[in-house]
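User: I would like to go through this model term by term. For each label, give the value, the cut-off and the conclusion.

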Amino acid sequence: MGVTEKKYQLDTEENRAFLKEMRDDLLRFGDHCVSPGGSAYYLGDDGTPWKEKDRAAYVTCRMVHVYSIGQMLGHKGSDEIQDACIRALFGELRDQEHGGWYSGLTQENQPLPEKQCYAHAFVILAASSAMLSDRPRAKELLELAEKDYDKFFWDERGGLSCDTWNTEFTVCDPYRGLNANMHSVEAFLAAADVSKDEKYRVRAGRIIRQVVQWAEDNEWRLPEHYTSDWMPDMECNSDRKDDQFKPYGATPGHGLEWARLITQWALSALEAGSEEQKTYIAAAEQLYHRAVADGWYSDGEPGIVYTTGWDGKPIVHDRMHWVLAEAINTSAVLYRQTGKEEYKADYAEFMKYLDEKVLDHVNGSWFHQMNEKNEVIGTVWPGKSDIYHALQATLIPYYAPDTSIALAVKEGKTV
C-alpha cells in the first residue's frame, strides 16, 4: 500500500512545511560548530561540539557550504560561521609550507597526515557557495583551491583524480577511488555554475562517462576502488567491510548520489532532448533502480543497507543517514526529469521512513547510523558530525535539477 499522508508526498504544502521545519532545525543544530581557530567541530548527538575529536577539513568546508545557503535563506549568524570557517581554510587548516589543506587537526591543533582529494574537492564547493553569499576572500579561496587541485589531484590525461598524497606532496598513494571523484563532480559543477568556467563542467563529464561505463559493465553495481592504473579492485577492504570511507563491495548510497549528479550534469551540459542526454538520464535511472532494488528493505526492515556484495545481497546492514538523504534527493530529481510516478511514490516512502526512524525529534538533526533493526548505533558514524547531507535533502527536491543547489537557492530556481 502506498504512502497516503500528505506530509510525505512531493509537491504538497504539508511536505514543503515539513522540509522547512527540518531545515530551520538543522541550521540551528549546527550553530555552535566553530572552534577558536575557525575550523568546525565534529558535532555530538545534541549539537554540542565534540572537542576531543579531530576537526576535519571536509566538515569545515561543508559548514561553509550549508551556512552560505543558510545566509541566503535568512538564518541569523550564518555569515559569522562562514567567515570563521573561511579564516580556518586560510589559516590553521592550510599547509603554508607545502600547499594544499591538511585533512584535519587533532584536539591539540596538530595536523593530521596526508592530503586528500576528498577534502580538496570540498574546499572548491565551499568557496563556490561562499562566493554566492558574498563572503570576503571567497573568490580568492576558490582560485587557490582550483590551483592546488589542478596541480596535485587532477589527471588531465586520464580524466580522473588521484586520491591521497603524503603531507609533503612527494608520494602519491597508488589507491584510486570513486568517492573523491564523486565529490569532485559535485564541486566541479558548482564551480562551473559560479565562475562560468566551463572547463569544470567538461571535467565532470569526463569522470561521469567513465563511471557510467564501469557501472554498466557490472550490472549497475558500481566498483568503488581501483588500482593506480584504474583497474577495479573488487576485493579491496574485504577484511574491513564497514570502512568509513572505503567499504568493501557496492555502496547503494553512492549509486543514488551518482544518479543525481549524472542527471544534473546531463541537464546542464548536454543538448536538451538529445539522444546523448537521454542516454545519460537512462543511466542515472539504472543506477537508481539497482541501488533501491539491492538496498531498500532488502533484509526485511525499512532502510537502505550500507553495502552489498557483487551479487546484490547485503553485507553491512547498517543504515547511514547520508544514504537516505541521497535517496530522497534522487527520487525527487528523477521524478522532476521523467515525470514517472514510481519516483514520486519512492520519495513518499523515504520521507515516511525519515520521519518515523531517522529524524531525531528530541535532540534535532538526523541519526547518522542505525543497525538493521533501526536502532541508533555509532560504530562508523557516532554523533552527528555535520548537517550537509540532511540540509541538502530539505532543498534539492524543490529546486531546479540542472543547477548546483547553492546557486539554485540564490536565484530562486524552484520547480
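**Labels and cut-offs**

Analyst: Tyr388 has a relative accessibility of 0% and counts as buried, where buried means under 20% relative accessible area, exposed over 50% and partly exposed in between, with a 1.4 Å probe and protein chains only. The model is predicted, so local features need pLDDT of at least 70 and side-chain atom pairs count only at pLDDT 80 or more, while totals for chains, interfaces and linings use all residues. Residues are numbered from 1 along each chain as its sequence is written, and side-chain values use heavy atoms, with hydrogens and water left out.

User: Where is Tyr388 found, and which residues does Tyr388 touch?

Analyst: Tyr388 is in helix 12, residues 388-393. Helices are DSSP runs of H or I with at least four residues, strands are runs of E with at least two, and both are numbered from the N terminus. Leaving out residues up to four places away in sequence, Tyr388 touches Arg62, His65, Val66, Phe122, Leu125, His183, Glu186 and Glu257. Contact here means heavy atoms within 4.5 Å. Tyr388 and Leu26 are 362 residues apart along the chain, and their C-alpha atoms are separated by 9.3 Å.

User: Why is the chain called as compact as a globular protein of its length?

Analyst: The chain has 13 helices and ten strands. Its radius of gyration is 20 Å, close to the 22 Å that the globule rule gives for 415 residues, so the chain is as compact as a globular protein of that length. The radius is taken over C-alpha atoms, and the rule is 2.2 Å times the number of residues to the power 0.38. Along the principal axes, the C-alpha atoms fill a box of roughly 60 × 45 × 45 Å.

User: What share of the residues counts as buried, and what share of the contacts joins residues at least 24 apart?

Analyst: Of the 415 residues, 61% count as buried. Among contacts between residues at least 6 apart in sequence, 65% join residues at least 24 apart. The accessible surface comes to about 15800 Å², with 47% of it belonging to carbon and sulfur atoms. Accessible areas come from the Shrake-Rupley method with a 1.4 Å probe, and for residues only the protein chains shown count as cover.

User: What makes a set of residues a nonpolar core, and which members of the largest one touch the most others?

Analyst: A nonpolar core is a set of buried Ala, Val, Leu, Ile, Met, Phe, Trp, Tyr and Cys residues joined through side-chain atoms within 4.5 Å. The largest one has 140 residues, and Met63, Trp258, Ile328, Phe350, Met351, Leu354 and Trp366 touch the most other members. Helix 4 (residues 117-132) gives the largest share of this core, twelve residues. Ile328 is in contact with Tyr347, Phe350, Met351, Leu354, Trp366, Ala393 and Pro397, leaving aside neighbours within four places in sequence.

User: How do you know whether Ala127 is buried or exposed?

Analyst: Ala127 has 0% relative accessibility, so it counts as buried. Ala127 is found in helix 4 and touches Ala138, Leu141 and Leu142, not counting residues up to four places away in sequence.

User: Why is Glu13 called exposed?

Analyst: The relative accessible area of Glu13 is 60%, so Glu13 is exposed. Glu13 lies in helix 1, residues 13-29. Its C-alpha atom is separated by 42 Å from that of Lys241, 228 residues apart along the chain.

User: And what makes Glu271 exposed?

Analyst: Glu271 has a relative accessible area of 63%, so the exposed label applies. Glu271 lies in the loop between helix 8 and helix 9 (275-295).

User: What is the phi of Trp230, and is Trp230 buried or exposed?

Analyst: Trp230 has a positive phi of about 60° although it is not a glycine. Its relative accessible area is 15%, so Trp230 is buried. Trp230 is found in the loop between strand 8 (225-226) and helix 8 (252-269).

User: Why does Asn237 count as buried?

Analyst: Asn237 is at 10% relative accessibility, so it counts as buried. Asn237 lies in the loop between strand 8 and helix 8, and its phi is positive, near 60°.
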